[in-house]
Amino acid sequence: MADFDLVLQGQVVLPERILADGYVAARDGRIVQIGRGTAPAARERHALGSALILPGAIDAQVHSLSQKNQEDFIWSTRAAAAGGVTTIVDMPYDEGDLICSAAAVGRKAAHAGDQARVDFALYGTIDPLEGVGRIAEQAAAGVAAFKFSTFGTDPKRFPRIAAPLMAACFTEVARTGLTAGVHNENDEFVRTAMAEVKAAGITDWRAHGLSRPPLTELLAMAEIYEIGAATGCPAHVVHCSLGRGYEMAASYRAQGYEATAECLIHYLTLDEENDARRLGGRSKCNPPLRPRAEVEKLWRHLAAGNVTLVSTDHVAWSLDRKTNPDMLANASGLPGLETMLPLFVKGALERGIPLTWVARLTALNPARHFRIDHVKGALTVGRDADIVVMTPEEYVFDAASSGNSVSGWSPFDGMTLPYKISGTYLRGALAYDGRSVLSAPGAGRFVRPPEQLLVAGTLP
C-alpha cells in the first residue's frame, strides 16, 4: 500500500539549496516528506530527471478586476495555474468597487471563491474620505496586507493618500501586525513632468518615461520609509524600478526598520530604449520601464539580497486600451502571470544567479510578507503541497496561442524561454498539465493570516 498520494522526483529547489535527485512527497494536500535518493512509493509517482521542482509561486500583486467585463478571477487564476502560480494576492482597486471595508472584503472573497482556479489572498485599502476607521475591520475580515498610494490616478478608484493621512494609516496598520504596501510616485512631481511633456508635444514611446523621471519614484520612497520608521509599521514599496531604491530600502533595514521593496518581472526583463520603443503602449506601466543599465542594476541588487519579493503587477487590459499612438493615453499595467517564473529562471541562468533565489523571492518571502507562511511558501513538511515542475524545454512564448490569457497579448510575446511549466499542483492536485488548465473554477480557496497574528521581523 502506498504511503503517499503524490511523489515528484527531480531537482528540488529550496530557498537555501538545490537537492539533486531529490523528491517531494504529499498526502492529503500537504507536504509530508522531502528527501534525496530513492523515492518512496505513492499512488502517483513521477521521476522527472533534470526537471526543476519548485514551490508554487505566490504572485504578490495581481489586478483581476481592473477592467469591467474583461479578466476577472476566472481568467487571472487560469493564467496563474499555467504559470506555476498557486496563490495570487489581489489588489483592492477594482473598477466600481474600492475594497475598503469588511463588507467589501467579504463580497470580493465570495466572488473570487466562485471563480478562482488557484488560491487567493486579498489586499485592503481605505477611502480617504472615510479615514482610517475601517482598517481594523478589514484585518479581521482576512486581508493579508494594506495598499495605499502616494499618487492619485482617480480620487475614488485609485486615490492619493497624502502624507498626514498616510501616517495615520500606518499607525493603524501597525496595530494589526500586517504590512503597509505603497505605490511609490510623488504626485506633484509626476503631474508637473507630465504637463511639461504634453507642452513639448512629445507623444511617442519616450513620453511616459519623461513624465515619470527617477526622482518621482525616489522622493516617494523616502516618504514611505520615513513614515514607516516614525510609526513602527512595516513599510513596503510595491514596485521599485531603480537600483537606488533598493539601496534606500537596505539602508533603512540596516537602521533596524522594517523596510522592504518588490521588483516586478518586467523591470528585470524589459528596458526603455529597446522594448518601450518597440512596444509603445503595450510597455506602459507605473513606474515606467528604465534603461537597460538600470535593469542590470536590479539583478545585482537581487543577487545581493536587497530585493524582497518578485511579482508581476499583473493586469490584462484589452488591447484597445494599450495601442493608442499617444503614449500617455494608454492604460498602465502589463500581464505577467503566465511568464513570471519562466522569465525569472531565464534571467537568473543568464547571469549565473542561483535558482534558490526563485524559491525565495516568489514563494518563501511572499508567504512571510503576507503572514500566510503557516500554509504557503515553501516545500516544507506541513505546508500545502503547492508545487510547480519546470522542464528544460526551449519554447517561444505567445499569449494568443496559449489560450490562457483573456486579452491574448503579452509584452513578452516572441521571447525564447529555456524552461517550460510542465505541471502545477495546487494542494497536491494537478491544476495544469503543461498543456491545459485542469483546475476548475471554485477550486481556489481564500487564504488569510491566522487570527492570532505575531508581528513578523524583517525578512532575510
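Author: Begin with terms. Axes are lines fitted to C-alpha atoms, for helices over the stretch in contact, and their angles run from 0 to 180 degrees between N-to-C directions. Helices (H or I, at least four residues) and strands (E, at least two) are DSSP runs, numbered from the N terminus. The model is predicted: local features need pLDDT of at least 70, side-chain atom pairs count only at pLDDT 80 or more, and totals for chains, interfaces and linings use all residues. Residues are numbered from 1 along each chain as its sequence is written, and side-chain values use heavy atoms, with hydrogens and water left out.

Reader: At what angle do the axes of H11 and helix H12 cross?

Author: Two packed helices are described by the angle between their axes and the distance between the axes. Here H12 spans residues 356-369, and its axis comes within 10 Å of the axis of H11. The two axes cross at roughly 145 degrees.

Reader: Which residues of H12 does H11 meet?

Author: Contact means heavy atoms within 4.5 Å. H11 brings Met 340, Leu 341, Phe 344 and Val 345. By class, this contact has seven nonpolar residues, one polar and no charged ones (Ala, Val, Leu, Ile, Met, Phe, Trp, Tyr, Cys and Pro count as nonpolar, Asp, Glu, Lys and Arg as charged, the others, Gly among them, as polar). On the H12 side are Trp 357, Val 358, Leu 361 and Thr 362.

Reader: How many residues of helix H1 are buried?

Author: H1 runs over residues 72-82. Its buried residues include Asp 72, Phe 73 and Ser 76. Among what covers them are strand E5, helix H2 and strand E18. Of the 11 residues in H1, the buried ones number eight.

Reader: What kind of aromatic pair do Tyr 93 and Phe 158 form?

Author: Rings of Phe, Tyr and Trp (its six-membered ring) pair if their centres lie within 6.5 Å; planes under 30 degrees apart count as stacked, over 60 as edge-to-face and the rest as tilted. The rings of Tyr 93 and Phe 158 are 4.3 Å apart, centre to centre. With 50 degrees between the planes, the pair is tilted.

Reader: How many residues apart in sequence are the parts that this pair ties together?

Author: Both Tyr 93 and Phe 158 are buried. Tyr 93 lies in strand E7, while Phe 158 lies in the loop between strand E10 and helix H4. So the pair joins parts whose separation in sequence is 65 residues.

Reader: Is Arg 448 buried or partly exposed?

Author: Arg 448 lies in the segment after E19. Not counting residues up to four places away in sequence, Arg 448 touches Ala 139, Ala 140, Ala 141, Gly 142, Ile 372 and His 374. Its relative accessible area is 29%, so Arg 448 is partly exposed.

Reader: What separates the C-alpha atoms of Arg 448 and Gly 142?

Author: Along the chain, Arg 448 and Gly 142 are 306 residues apart. Between their C-alpha atoms, the separation is 5.1 Å.

Methods:
Buried means under 20% relative accessible area, exposed over 50%, partly exposed in between (1.4 Å probe, protein chains only).
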